[in-house]
Amino acid sequence: KLLAYLRQAGLDTRGIQRDLRHPTGRVLVDLTNPHEARYRIEQPAAWDFIATDEALREPGGGLAVVFGSLAARSVISRQTLLGLLDAAPLRVFDVNLRPPHVERSVIESLLQRANWAKLNGDELHVIAGWHGWTGHFDALLHRLAAHYRLDCVCVTLGADGAVMLRDGQLHRQAGFDVPVVDTIGCGDSFLASWLLNLVQGSDPGRALRRACALGALVATAAGANPAVDAARVDALAGP
């Protein structure tokens, strides 16, 4: 079903591996608070055993490798990921601290290999705490970028929007007021829009605004992947 969905969406599935020993990954979601979904990520899953192969090493001229920390929770997938990052033209790290899969040495290793990073406000404070950094939010953001030599960092703030630091300049976008059904998929949708707009040459403010708009619209429907067309994003964020 997943492969059929990806093909229908026009995505190249040649690099997807099949694992006959381990189950397809599954996440159980607690929506007691629809504004803050809680996740239980089952383990092991097939994506803990991604092996290095030629299909992965030849991504078809892709502009970036986008990766998260959960993909590095197992040694096998972690080593495969690190090998891919060595040759990636742009490395975009979606920091995703989901206890109990939070190992400081792994997270820091991935941050050190990234060019760009996206995380939320809580994750910024966790990483700042590892180093004993204190101070205003903006100061923590600058310290994070400098310490890990990141060219671009984006911090999502839920209903309060997002802040991006790029080339030493801060860009802020307030949140959009929408009726929330659940927040599943908002962060991933934000990341997809933010990255797409930046690599297509949009100015940082526009990229941030459209990413916030798409994330907000995803929150207005149930599930992680509701249909949201560009016209709705335009109507909320502006063209």
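This is a predicted model: local features need pLDDT of at least 70, side-chain atom pairs count only at pLDDT 80 or more; totals for chains, interfaces and linings use all residues.
Me: What order do the strands of the open sheet come in?
Reply: The open sheet has 6 strands, in the order S3-S4-S5-S6-S7-S8, and the pairing is mixed.

Me: Which are the edge strands?
Reply: They are strand S3 (65-68) and strand S8 (169-173), each of which pairs on one side only. From one strand to the next, the twist averages 15°.

Me: And in what sense do S3 and S4 pair?
Reply: S3 pairs with strand S4 (residues 91-94) in the parallel sense, over 4 bridges. In general, strands of a sheet pair through backbone hydrogen bonds, either parallel or antiparallel.

Me: Which residue in S4 is the bridge partner of Val66?
Reply: That partner is Val92.

Me: Which strands does helix H4 touch?
Reply: Helix H4 (residues 104-113) packs on the sheet and touches S3, S4 and strand S5 (116-120). The direction of H4 makes about 150° with that of S4.

Me: What about helix H5, then?
Reply: Helix H5 (residues 121-131) also packs on the sheet, where S5 and strand S6 (152-156) are touched. The angle between the directions of H5 and S5 is about 105°.

Me: Where is His131?
Reply: His131 is in helix H5.

Me: Which residues does His131 touch, not counting those up to four places away in sequence?
Reply: His131 touches Arg104, Glu108, His147 and Tyr148. As for Leu144, 13 residues apart from His131 along the chain, the C-alpha atoms of the two are separated by 9.9 Å.

Me: Changing topic: is Thr156 buried or exposed?
Reply: Thr156 counts as buried, because its relative accessibility is 16% and buried means under 20%. Thr156 is in strand S6.

Me: What is Thr156 in contact with, leaving aside neighbours within four places in sequence?
Reply: Thr156 is in contact with Lys118, Leu119, Asn120, Gly121, Gly161, Ala162 and Phe190.

Me: One more topic: which residues form a nonpolar patch on the surface?
Reply: Val27, Val29 and Leu31 form that patch, and together they have about 210 Å² of accessible area.

Me: Where is Val27 placed?
Reply: Val27 lies in strand S1 (residues 27-30). With a relative accessible area of 41%, Val27 is partly exposed.

How values were computed: Residues are numbered from 1 along each chain as its sequence is written. Side-chain values use heavy atoms; hydrogens and water are left out. Patches are made of residues with over 30% relative accessible area and no salt bridge: like charges are joined within 9 Å, nonpolar side chains (Val, Leu, Ile, Met, Phe, Trp, Tyr) within 5 Å. Accessible areas come from the Shrake-Rupley method with a 1.4 Å probe; for residues, only the protein chains shown count as cover. A salt bridge is a side-chain nitrogen of Lys or Arg within 4 Å of a carboxyl oxygen of Asp or Glu. Helices (H or I, at least four residues) and strands (E, at least two) are DSSP runs, numbered from the N terminus. Buried means under 20% relative accessible area, exposed over 50%, partly exposed in between (1.4 Å probe, protein chains only). Two strands pair if DSSP finds at least two bridges between them. Axes are lines fitted to C-alpha atoms, for helices over the stretch in contact, and angles run from 0 to 180 degrees between N-to-C directions. Contact means heavy atoms within 4.5 Å.
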